[in-house]
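Colleague: I have a new model open on my screen and would like to learn how to read it. Could we go through it feature by feature?

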Amino acid sequence: MSETPLWLQGRSAVIEAADPSEFRHGTPDYHLSHTVMPGQRTTDHAPGSLEAIVESIVQVFEMEVSHKHDPATWVSMVSEKFRTNVNGGGWASARDIAEQGSYNVLIGDSPFYRVGKESFDSQHDIFHGAFPNGFYWEVLQVLSPPPVVAFKWRHWGSFDGEYHGHQPNGKTIEMFGMSVAKVDDDLKLLEVEHYYDPNAFLGKLTGGCPIAH
């Protein structure tokens, strides 16, 4: 049997295989995902199941777009062809994500978030500050197999840090959504469409107040 491709070996394997110079601010640390997340997740996927594979691919994708500055080094996707959008909006390329940041691209226009006014680093600082104990993501259900993979997901964390001047309440903030991903024969991402309500999530961080200061 052929060896499992790197991008299907999981996030830790991809981090270990990368040259340290590929990372924006040093090798990323996901120890909370290994120690805290297992006790908070609502699903438990069998190793090798489609759900586990999809979750692993998305974890690698998230790590790469957040921490590796050059899309040419992103192994989770075909970077020169990749595109993504939210709720049927405009498409963003891999280069757009690398330059603008995934939160700026994937949240879109919102009265609760200063889209376009945050740099790549500041947009990560905002959410890492609001969720200092981890902001986790899991696949809930896979609805269709490759090459067009539709899946439901949950994103959550404990609101333990300040968000744009709004004080934390220690509550678990959850966000639910659905994504449709097109992959090639090697299970590399070609296109991902996300469907969710960012305002329902962000409103919980601001008490429903659309003023971000």
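Modeller: Let's begin with strand pairing. Two strands pair if DSSP finds at least two bridges between them. Here β1 (83-86) and β2 (residues 92-93) pair in the antiparallel sense, over two bridges. R83 stands opposite S93 of β2. As for the labels, helices (H or I, at least four residues) and strands (E, at least two) are DSSP runs, numbered from the N terminus. Please keep in mind that this is a predicted model, where local features need pLDDT of at least 70, side-chain atom pairs count only at pLDDT 80 or more, and totals for chains, interfaces and linings use all residues. Residues are numbered from 1 along each chain as its sequence is written, and side-chain values use heavy atoms, with hydrogens and water left out.

Colleague: Which strand runs parallel to β1?

Modeller: That is β6 (residues 189-196), joined to β1 by four bridges. V86 is the residue opposite H194 in β6.

Colleague: What should I look at in the turn between β1 and β2?

Modeller: Look at the backbone angles. This hairpin has five residues between its strands, and N87 has a phi near 55°, a positive value in a residue other than glycine. To judge cover, we use relative accessible area: buried means under 20%, exposed over 50%, and partly exposed in between (1.4 Å probe, protein chains only). N87 counts as partly exposed because its relative accessibility is 40%.

Colleague: Where does L187, with its positive phi, lie?

Modeller: L187 is in the loop between β5 (172-183) and β6. Its phi is about 65° although it is not a glycine. At 21% relative accessibility, L187 is partly exposed as well.

Colleague: And how do I read β3 and β4?

Modeller: β3 and β4 (residues 148-158) pair in the antiparallel sense over seven bridges, and Q141 stands opposite K152 in β4. The hairpin that joins β3 to β4 has five residues. P147 lies in that loop, and the peptide bond from P146 to P147 is cis, with omega near 15°.

Colleague: Now a helix. Which residues of α6 are buried?

Modeller: First the general idea. An α-helix has 3.6 residues a turn, so residues three or four places apart point the same way. In α6 (residues 120-130), the buried residues are F120, S122, Q123, H124, I126, F127 and A130. Their cover includes α3 (50-67), α4 (94-100), α5 (102-107), β4 and α7 (198-206).

Colleague: What does F127 touch?

Modeller: Contact means heavy atoms within 4.5 Å. Not counting residues up to four places away in sequence, F127 touches Y103, I107, Y113, Y163, F201, L202 and L205.

Colleague: How many residues does the largest nonpolar core have?

Modeller: A nonpolar core is a set of buried Ala, Val, Leu, Ile, Met, Phe, Trp, Tyr and Cys residues joined through side-chain atoms within 4.5 Å. The largest has 41 residues, and F127 and F151 have the most contacts inside it. α3 gives the most to this core, with five residues. A second, separate core has nine residues, among them V14, I15, A18 and Y30.

Colleague: Is S76 buried or exposed?

Modeller: S76 counts as buried because its relative accessibility is 1%. S76 sits in the loop between α3 and β1. Its side chain makes a polar contact with the side chain of E64 (2.7 Å). A polar contact is a pair of N or O atoms within 3.5 Å; within protein, one must be able to donate a hydrogen and the other to accept it, and residues adjacent in sequence count only if both atoms are side-chain atoms. Leaving aside neighbours within four places in sequence, S76 is in contact with W7, I57, V60, F61, E64, K188 and L189.

Colleague: To finish, how many helices and strands does the protein chain have?

Modeller: The protein chain has seven helices and six strands. Buried residues make up 49% of its 213 residues.
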